[in-house]
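The sequence and structure are shown first.

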Amino acid sequence: MTAIFLRQFRSPLIYILGVAAGISLAIGDLIDAGFIVAVLLINAVVGTFQEYSAGRSAEALQGLVPARATVLRDGEAEEVDAVGLVPGDVVLLASGTRVPADLRLLAGHDLRVDEALLTGESLPVDKFPDRVLAAETPVAERRNMAFSGTIVVSGRGRGVVVGTGMSTQIGGIASAMLTGPDAPPPLVLRMHRFTLRIGLLIGVATLAMGGAALARGLPLHDVFMMAVALAVGAIPEGLPVALTVALAVGMRRMATRNVVVRELVAVEALGSCTLIATDKTGTLTANDLTVHRIAFAMGPCWEVTGSGLDLEGGILPPPSEIPEAWSSALTRLCRAGLLCNEATLVHRDGHWRGRGDSVDVALLVLGRKDGLTEVELARNHPLLASIPFESERRFAATLHSDGDSVLACVKGAAEQVVPMCSTALRRDGEVPIDQAALFGRVEELAQDGFRVLALAEGVPTRSDPHDFAEAHLSGLVFLGLVGLIDPLRPEVRPALDACRHSGVKTVMITGDHPATALAIARDLGMAEYPEQVVTGVQLAEAEAVGEEALDALVARTPVFARVEPGQKLAIVVALGRQGHFVAVTGDGANDAPALRAAHVGVAMGRGGTDVAREASDLVVADDNFATIVAGVEEGRVAYNNVRKVVNLLIATGMGELVLFFLALLSGMPLPLLPAQLLWLNLVTNGIQDVALAFEPAEGDELNRPPRPPREPMFERVMRRRVVLTALVVGGVAWGLFRFLLDSGMLLDEARNVTLLLMVLFENVYALCCRSESRSVFFHNPLRNPLLLFGILAAQLIHIAALYIPLMQTVLRVQPVRLDLWLTLVGMSLLLLGAVEFDKWLGRGRSRPHQDGHVTGGNPT
């Protein structure tokens with residue numbers, strides 16, 4: 001906690017304020033020093049509490065390591081602590097267990113492993129212990145290995161430990177997280193550059209004006225007083241607190257839209273990002289294998305709506321077909337999928353849950369959409385025998401009672417099932433099978449990214465349940481093909497469209513097969529041709545050539561497939577080198593290094609792993625990709641509000657600087673004392689700038705492109721507005737101060753009136769800062785009642801200080817007449833007219849593009 005607290009003081013702006021406090025102490029001005037120190041402490045306390053929960057990514061990775069493992073020792077199975085495994089131990093694997101270490105498989109029977117946590121592959125991977133693979137084989141294709149942290153879906157196996165702890169693939173991810181680059185959020189970069197420039201400007205101005213004062217023969221004490229006054233007047237002392245409040249407001253608003261912010265400075269990061277690198281599995285897709293298409297032996301394909309365990313979908317025929325004509329064929333196909341099935345579908349706690357192989361679960365859901373249930377079918381067609389699915393066999397078959405006869409149901413790869421059939425089912429009955437035509441349909445579905453499964457039924461050549469074998473499966477009826485896919489989340493397409501409209505580029509990074517990635521990318525409009533998909537092998541080849549080759553490849557690629565965790569990290573770093581502010585989304589352990597290295601990491605909260613969440617800056621609580629777009633909008637609102645606060649503080653501070661500069665040139669005394677400047681900056685303006693941080697969205701945040709990554713916070717529009725405001729505020733205040741002195745008013749009385757005018761200028765300019773381009777007269781003040789209250793409160797507090805004896809002594813103020821106050825109000829409105837005229841000129845220079853973006857004027 002102490003280290004976090006001390007880190008709050010590592011800012012150029014804090015350094016400048018510290019120097020000003022030191023000078024105040026040196027000259028005995030305890031009031032000014034006390035004000036500055038109080039601001040520093042308040043900001044540090046707030047920042048400490050906001051950052052306390054960071055830095056637990058490595059601990060979450062340790063939670064993936066299984067606690068127990070079954071090993072063979074002295075020829076007998078023994079359960080031991082997984083942390084005690086060493087290379088050479090022989091580990092036994094069974095369905096449902098988590099792999100305790102990286103294993104080279106020695107034996108296996110129907111062994112299938114879910115590696116989505118590591119590779120992003122949405123389907124379980126078949127393992128083949130007898131294969132010998134090249135050393136450079138990608139992790140996702142090492143079928144003779146089982147990796148630590150992955151889960152055995154089915155079958156049994158045995159393997160020898162070849163890697164434990166940090167020597168495993170999952171350990172490599174942990175190492176990358178501990179040692180990999182950690183990009184600072186965009187706001188940190190912009191504020192760092194901004195404060196450096198402000199500090200340089202203030203330093204130069206203070207030295208120049210101090211030198212000029214010494215040259216005029218002013219006493220050293222007075223020169224120090226003037227230097228402190230200049231520093232206090234120009235430095236936005238309220239900025240640290242106002243910035244913290246603005247980000248905290250943005251954090252709360254994002255939480256209401258299901259975006260949980262883990263680090264305060266990341267609030268605006270999504271709004272600043274120029275590119276989103278998104279994972280496919282579980283982010284763009286639902287991570288639920290679903291039957292999406294049905295193809296009979298003839299005619300167009302049928303569409304199946306709904307995703308995952310959603311039973312509300314339906315089976316839609318092609319427009320050219322009459323549903324009733326195909327009713328019998330559709331029911332027979334769905335029945336075969338339910339009978340040849342080992343999964344279960346249960347309803348618990350208001351939700352449907354599937355148990356078993358994901359393909360079997362998908363077939364159960366398909367049957368329910370056709371009005372069939374596995375329980376009723378099992379009662380009418382009791383199971384007599386089965387041939388379980390094995391990787392080498394590539395099909396499964398079951399034998400059932402069917403009245404006085406038997407019925408065999410088969411599912412599997414088309415290459416295995418089609419040769420078993422002699423006829424194919426059509427709407428008008430069975431016809432001789434055309435294998436070439438069917439394999440053509442299989443190829444079409446595969447090119448669209450579907451996993452294709454063939455279904456058949458019939459009477460086997462032998463009906464003895466005790467002798468049910470593959471050899472007896474011939475002369476069957478081909479029922480049709482089903483295309484399974486990990487479906488897109490329904491909100492993804494409009495969300496990506498919104499990203500494109502707002503100028504944010506999106507690329508896909510996945511461990512899936514290139515054909516599947518391309519199919520998803522085509523559906524989303526991200527890519528069209530196979531050449532637009534780059535594989536992990538191609539990335540490795542480019543990395544071997546050099547950094548420039550990798551950057552060139554990454555720059556032109558919208559889809560990356562078969563990518564390993566280290567390569568995902570390399571892609572993010574390469575995108576950053578190209579000048580992008582990169583946001584990375586993901587939910588698995590394989591996403592963690594990239595999430596950490598990105599300017600902003602966005603994890604899925606519901607389906608994501610602890611690793612991904614701990615490595616991220618933001619967490620999407622509802623796993624809804626559309627929420628990311630909401631985060632982009634809220635991020636831009638937060639950044640705009642930060643700019644509005646900066647604009648208010650810097651412009652009024654520069655106005656004070658102009659006032660002092662003119663007074664020095666004209667040989668006049670200090671127009672305001674340091675305590676009065678602190679009162680302006682911390683009290684009256686401090687109330688308003690905090691209220692300005694609550695400004696709601698203007699409504700066009702997603703109609704504009706992101707700010708250029710290298711654009712400073714103090715860009716062209718703000719510079720012009722600050723200069724204009726400073727000249728008006730400083731010039732009018734100097735003119736008033738000189739007029740009052742020339743008319744015989746005492747110095748303290750002139751300062752009192754000038755101070756009141758400066759407070760009124762702050763009130764007026766706070767209203768002007770609500771929008772950089774929209775007129776005050778067309779901006780409903782009730783949309784931000786806090787600002788309206790803040791303006792009134794600032795004015796009333798200052799008026800109250802004019803009558804309180806203690807404040808009269810500290811600030812050297814006194815009450816003013818009503819007619820004088822009204823005169824000062826009229827003078828302050830000169831600033832409103834000048835800013836409104838500048839906004840009008842800016843709107844005239846801006847012209848909308850056809851895509852709704854704006855050039856010229858305000859580049860928000």
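## Salt bridges

D360 and K411 join their side chains in a salt bridge, with N and O 2.0 Å apart; the term denotes a side-chain nitrogen of Lys or Arg within 4 Å of a carboxyl oxygen of Asp or Glu. Because D360 lies in helix α13 (residues 358-369) and K411 in strand β17 (residues 405-412), the pair ties together parts that are 51 residues apart in sequence. Helices (H or I, at least four residues) and strands (E, at least two) are DSSP runs, numbered from the N terminus. Both D360 and K411 are buried, where buried means under 20% relative accessible area, exposed over 50%, and partly exposed in between (1.4 Å probe, protein chains only).

The model is predicted: local features need pLDDT of at least 70, side-chain atom pairs count only at pLDDT 80 or more, and totals for chains, interfaces and linings use all residues. Residues are numbered from 1 along each chain as its sequence is written, and side-chain values use heavy atoms, with hydrogens and water left out.

The count comes to 28 salt bridges, including the following.

| Pair | N to O distance |
|---|---|
| D360 and K411 | 2.0 Å |
| E457 and R335 | 2.9 Å |
| E634 and R257 | 3.0 Å |

E457 in strand β20 (residues 451-458) and R335 in helix α12 (residues 327-339) are 122 residues apart, so their pairing links distant parts of the chain. E457 and R335 are buried, and a network of salt bridges links R332, R335, E430 and E457.

E634 lies in helix α24 and R257 in the loop between α9 (239-256) and β8 (259-261), so this pair ties together parts 377 residues apart in sequence. E634 is buried at 11% relative accessibility, while R257 is partly exposed at 32%.

## Nonpolar cores

A nonpolar core is a set of buried Ala, Val, Leu, Ile, Met, Phe, Trp, Tyr and Cys residues joined through side-chain atoms within 4.5 Å. The largest has 139 residues, of which L270, L473, F478, L481 and L618 touch the most other members. Helix α24 (residues 625-665) supplies the largest share of this core, 20 residues. A second, separate core of 39 residues includes V291, A336, A343 and V361.

## Cysteines

The structure holds zero disulfides, a disulfide being a pair of cysteine sulfur atoms within 2.5 Å. For C273, the nearest cysteine sulfur is that of C499, 7.4 Å away. C273 is buried at 0% relative accessibility, and C499 is buried at 1%.
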